[in-house]
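Me: I am new to this structure and would like to learn how to read it, one feature after another. Could you take me through it with care?

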Amino acid sequence: MDIKKVAKDTAKVLTSYLTYQAVRTVTAQLRETNPPLAIWLSGFSSTGKIQDGEAYLQELFQENKELAFRVMTVREHLAEEVAEYLPEMLRSGIQKDNMEHRRRYLEKITQLEIADPSLDPEQRTD
């Protein structure tokens, strides 16, 4: 397993997600200050381009460079804020979720064994 590649791919996904969150934030702000521009940004963002944050920003720069700079500024701020909490939240979240999956699996296999009549001691005629 190439840990560096995994980290790089994870960072790319996180960057795209933070771009998405930044667009949501900017759109919400624009709804208050410039509703027509908010509608335009929502329409521009709804075409699926936002799945790749960097490609989205390149296209947004071609259409409206002021909005592109605004989204980048908000994204950078979100990254700074999230980076502080992310490592511990990620570790503890995965540990908690894994434990829950294991617990459900253990309950499932335990219930299957009890539900099997051949394993019920009251019905055995040994």
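Me: Leaving aside its neighbours within four places in sequence, which residues is N64 in contact with?

Reply: Contacts of this kind are read from the distance between heavy atoms, with 4.5 Å as the limit. In this model, which is predicted, N64 touches L37 and W40 once the neighbours within four places in sequence are set aside. N64 itself belongs to the loop between α3, residues 53-63, and α4. A related distance is the one to L41, which lies 23 residues away from N64 in sequence and 9.5 Å away in space, counted from C-alpha to C-alpha.

Me: Which backbone atoms lie by the polar side-chain atoms of N64?

Reply: There are two backbone nitrogens to look at here. That of E66 is 3.3 Å from a polar atom of the N64 side chain, and that of L67 is 3.0 Å from a polar atom of the N64 side chain.

Me: Does N64 count as buried or exposed?

Reply: The general idea is to compare the relative accessible area with a cut-off, and buried means under 20%. N64 has a relative accessibility of 16%, and therefore it counts as buried.

Me: Where is S45 placed, and which side chain does the side chain of S45 join in a polar contact?

Reply: S45 sits in helix α2, which covers residues 35-45. Its side chain and that of Y56 are joined by a polar contact of 2.6 Å, while the S45 side chain also reaches the backbone oxygen of L41 at 2.8 Å. When neighbours within four places in sequence are left out, the residues in contact with S45 are V23, I50 and Y56. S45 is counted as buried because its relative accessibility is 13%.

Me: What can be said of T27 in the same way, and where is its place?

Reply: T27 is found in helix α1, and its relative accessible area is 5%, so it is buried. Apart from neighbours within four places in sequence, T27 is in contact with A38, L41 and S42.

Me: How many helices and strands does the protein have?

Reply: The protein has 4 helices and 0 strands, and from the N terminus on the order of its elements is α-α-α-α. Of its 126 residues, 18% are buried.

Me: How much space lies in the largest pocket, and which residues are closest to its centre?

Reply: The largest pocket holds about 330 Å³ of space. It is lined by 13 residues, and those closest to its centre are L14, V82, L86, P87 and L90.

Me: Which helix gives the most to the lining of the largest pocket?

Reply: A lining can be read by asking which elements supply its residues. Here α1 (3-33) and α4 (65-115) each supply at least two residues, and α4 gives the most, with 9 residues. Read by domain, the lining takes at least three residues from each of domain 1 (3-83) and domain 2 (85-116).

Me: How many nonpolar, polar and charged residues does that lining have?

Reply: Sorting a lining by residue class is the last step of this reading. For the largest pocket, the lining consists of 11 nonpolar residues and 2 polar residues, with no charged residues.

Terms used: Residues are numbered from 1 along each chain as its sequence is written. This is a predicted model: local features need pLDDT of at least 70, side-chain atom pairs count only at pLDDT 80 or more; totals for chains, interfaces and linings use all residues. Side-chain values use heavy atoms; hydrogens and water are left out. On a 1 Å grid over the protein atoms alone, a cavity is a set of points where a 1.4 Å probe fits but cannot get out, and a pocket is an open set with protein on both sides within 12 Å along at least five of seven lines; lining residues have an atom within 4 Å of a point. Grid points are joined across faces, edges and corners, and a volume is the space filled by probe spheres set on the points. Ala, Val, Leu, Ile, Met, Phe, Trp, Tyr, Cys and Pro count as nonpolar, Asp, Glu, Lys and Arg as charged, and the others, Gly among them, as polar. Domain bounds come from an automatic or database domain assignment. Buried means under 20% relative accessible area, exposed over 50%, partly exposed in between (1.4 Å probe, protein chains only). A polar contact is a pair of N or O atoms within 3.5 Å; within protein, one must be able to donate a hydrogen and the other to accept it, and residues adjacent in sequence count only if both atoms are side-chain atoms.
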